Every structure is written in structure tokens, then in C-alpha cells.
Amino acid sequence: MELRQLIDDVKAGDVYAFTELARRYQDLAFGYAYAILGDFHLAQDAAQEAFVVTYFDVGKLKDPDAFPGWLRTVVRYQCGRLLRKRIFELVPLDHASEVRSTAISPEEHAEKQAMLEEVIQAINALPRAQREVVTLYYIKEFSQQEVAAFLDLPPTVVNNRLHAARKQLKRRILTMTKDAFREHALPEDFARRLGRIVEVRGPVVDARFEPDRLPALLTALTIADPQGDVELSIEVAQHLGNGLVRCIATSSTAGLAHGMEAVSTGKLASQGASREALRQAVDALGGSVGHHPGVGSLEVLETGIKVIDLLCPYRKGGKAAVLGEMGVGKAVVIEEVVHNVASRADGVSLFTFVRPGNEAALFEQAFAEGPLAGAGAVQTVFLAADDPRDPFPTADVFDAVTHMTRDLVARQLYPAVDPLRSTSRLLEAAIVGTEHFEVAQRVRETLGRAKELQSADAADLPGEDRVLLERAAKIEHFLTQPFFVAEPYTNRPGQYVSREETVRALGALLAGAYDDLPQEAFLWCGTIEQVVEQARSRRS
């Protein structure tokens, strides 16, 4: 049965169709999870939970042909969730009698376990791209065409990755006695991992590599001179094109010079840069923040995202930060800005901070599957920081700061932008206009007052406070928005809303023009006209 027909049957409630869908993709999902997690048991959990999610959400999938890519995204999310909450369970000693013994002798078990561990170590030693195709190709002998279809890769790429992986696996497994020496030897592709420093500006280091061997974003480079006087690690923050990468040093760059060798480790950066290094790096990267010739030169860059354009507007050619802990939707907001703004003459430099380790790994994986690396007029800069929610005082570093919040995620209100913490130096009447400024201030005042009243019993509140709470809820709902980049997963057409429309709609809402409409009508709409239409359809 064709995939499209299978998905349609699942949407229609055919349980058997879902069973067939799961059977067809379960090993692919498991292999992909194992490639990320490197642990069989966790991979099984991730794959199973991914199918639970797909069972409940497949009805939202707009294009059935997008299912493999959607499943990959769900599996990757479940892997990240498991990594975040991973807890080792200990079996009480008095329960040991309930554990079944193995049928083989302890000696045989130990020998098999040792062999298995060697194979696992060999597979886990492969680069992520090779590890994916190896696990998918060998778990149940999927053909190269099937692996290519699931990973959305050309068959020739899968073949090349398998070929490279086989060489490494064969070499490792057949010559185990030489492993101890091999651990201390240079990797065979060492020459192709070499780059050269082009420029050093404080903690910012530019290096050039072969264009087809660029180090991945958020991975580490090591730099050392022949005399051993300099040895440090730097983190890849940007791909600039033509083999050039821009990096951030996590410690002093004293002694670095043009022409020094930089070696790509292929590993994610293990620590964040210091606050001062991050601050200097941000000042040296992106637009021209800190050098404003005058208020008149500050022009608003419309993104089409209501909450950003209203409460933390970005500056044309400026710098903006998207901050928040792991799992609040930073990547999706960045992708939507890139989608909406990249083709314009004036853009923005977007900075975001990720915690070294699991979050950095998930972002690194997402770079290959979306526009996170930036495009056109939008630069994106990713930096490792110990506290990605607030890596350093940001008010005098960025034109705008978009704070993401777990509270809105818990209530499934996306984008989860905190309307009270998000700020912009452009939010002044002289820049955005009197009407925009006053509406933004009243929105913040209404939401702030509503937050103060949350703990009170609504029945005990005076009428004016109950009206305020109702309007605050409608504001929060209206600031949700379907994104273009999420269309395949939400089944909601993306919406671009002009700043003028946003200001006009919220001004009328605050004035009571929509007090008669239900809160639910304000969810997942673009313009206020769509809200009215949604309310009308609910009544009929």
C-alpha cells in the first residue's frame, strides 16, 4: 500500500493501518534513535514513544509524503527528552531473586558481552552521519534506497557513507589488538581536518577549511603551535561560506596568530565561553549595535511574528537574541524569522545560546534539517553558554531580546515568547510610533496585572478585574500564531501578520471591541478578522 493511502487510512481511524505504518517504520525509527543515543534500551524507548506521539498527532500532518521527515523530527525530540530526564534505576538487593538468570554460563556471557561492547564502541566511534546509515542498513537489512528515502538523502550519499563506515568498522573489528595504539594515533582523515587561522579579533577567531570538510556548528576546534606555547579550544559559531568558519574562544586568545593550524575534533564543544568572552564576541559579530548615529537611524525590521513585532521589535541590520532554556522552541522561532526575512535587503543577526552537551547535540543535528544556519539577510550565531536563559546582562548588547518561557510551553501557547521579559531598545514612541508604543505598554500592564490576580478567586474579584483577566487571556491567545516552518507538522497554514495589523487589533481588543468573543476563538489565528470568523463558525 502506498504511504499516502496508508496515512489517509490512519487519519480515518484505521488501527490496522497504523499497525502497518509502525511495522514499516519501526526499525528505521529505532536505528535513527540509536544513532543519536548510542544505547539500545534508550533507543527502544525513544522509538516506541515516538510512535505514540505519531498515533495521536498524525491527523495534523498536512502532507502524507512528509511523514518520514516528521517521524525523524519526533524521534529526535524523544531522544532529547530522554537525555534530559535520564535517571538510572537501581534494583533493591532484596529483589535480586526476581531477576532471571541467563541460560549461558558466566564465562560465555562475559565473552559475548565483551564482543558486543567492541562492536558498539566501533559503531559509536563513527561520525553521526555514518552511524545513522550503518544502524539503519544493518538492523534488518534495509536497502540503500529505503535508508535514503527515510533520511531524505540521495542513494549515492547513503552508499558513500556506508562505504566509509564499512572501512572503519572492518579496520577496527579485525585489528582489535592494535586499538591501544590507534587511540593515540592521528585519525586517517587528519589532513582533511586541518584548517588555518585567518584572523583573530579578541575571542573571535576566523579559520579556513576545505569547503566540503567544514566543521559542524557548535563543535570544537583545537589550536596548538609547534612549540607548545599555545593550546586552546574554540567553538564553531558560524559558517561564512567559501570554507570560512567563525569561532569563539572559551579562554584567552593571547598568542594566536594568522596562519596557525586549527584541527576539527568533530566533537561538540564541552564548555561554554566565559561571560566576558561571550560579551566581546557578540560585540564583534553581526550588525552594528553600540554604534547608533542617532534615533532616526533605528528602523524596525518587521518579522510578521506578532509578539516579536509588538513587544520586542528587531532593528534593520541590528542584533537580536533569542534566549531560553532547552525545549522552549528557540529553534522554531529562529527558523520562522529566517523564512520571513531572509530574502529582504535588510535583515538581522540572531544570537542564541545553548547549553553544552545534550542541547548542543540536538541543535547540531537540526542544522542539517532546517535553515538554522541562516540564509540571505539573516545571520544566525550559536554560542555555548552555561546558562542559555541569560548568559550575561543583555540590555546594552542587543537591540532586542526575545525571552522564551516554559510557562507558555506548558499551556501549549506558541511561540512561547515571554511578553513581560522580552525587550527592545526600539520600543519608543519616537521610533515605533505613539500608537504602537501605547498599545505595547497597555498589553504589558494588562498581562502583568493579570499575573498578580492569578492566585485570587475570580468570584471575589470586582467586575473590572474579571474583565481584565478575560482580556489578558485573549491577548495571550491572540499572540499565538501558526508558523510557516511548522505547517507540515501542525496542519495549520503559516500566517504573516503586519505590525500595523497587530497594533490595530490589540488596540481594539484592549478597548473592549471583542469582549463578546470567546477566548478559544483567538487561538492560532493570524489577523483579528480571522478571529472573528473563527468565532462565527463556532457559533454556527
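**Helix H7 and its end**

In this predicted model, select Asp 152 to begin: this residue follows H7 and has a positive phi, near 60°. Next, select helix H7 itself, residues 144–151, where Gln 144, Val 147, Ala 148, Phe 150 and Leu 151 are buried. Then turn to the face of H7 directed away from its buried side, where the exposed residues Gln 145 and Ala 149 are found.

**The largest nonpolar core**

Select Tyr 314, Leu 350, Val 443 and Leu 506, the residues with the most contacts inside the largest nonpolar core, which has 65 residues. H16 supplies the largest share of this core, six residues. Centre the view on Leu 506: leaving aside residues up to four places away in sequence, Leu 506 touches Leu 310, Val 439, Val 443, Ile 475, Phe 478 and Leu 479. Another core, of 40 residues, lies apart from the largest one and includes Leu 3, Ile 7, Phe 142 and Val 147.

**The second largest pocket**

Finally, select Asp 407, Arg 411, Lys 451, Gln 454 and Glu 476, which lie nearest the centre of the second largest pocket, among its 18 lining residues. Helices H14 (406–410), H16 (434–453) and H17 (463–478) are the elements that each give two or more residues to this lining. H17 gives the most, with five residues. Colouring the lining by residue class separates nine nonpolar, four polar and five charged residues. The space in this pocket is about 390 Å³.

Methods
Residues numbered from 1 in each chain as written. Predicted model: local features only at pLDDT ≥ 70, side-chain atom pairs only at ≥ 80, totals over all residues. Heavy atoms only, no water. 1 Å grid on protein atoms, 1.4 Å probe; cavity = no way out; pocket = protein on both sides within 12 Å on 5 of 7 lines; lining within 4 Å. Points joined across faces, edges and corners; volume = space filled by probe spheres on them. Helix = DSSP H or I, 4+ residues; strand = E, 2+ residues; numbered from the N terminus. Nonpolar A, V, L, I, M, F, W, Y, C, P; charged D, E, K, R; others polar. Core = buried A, V, L, I, M, F, W, Y, C linked by side-chain atoms within 4.5 Å. Buried < 20%, exposed > 50% of the residue type's maximum accessible area, 1.4 Å probe, protein only. Contact = heavy atoms within 4.5 Å.
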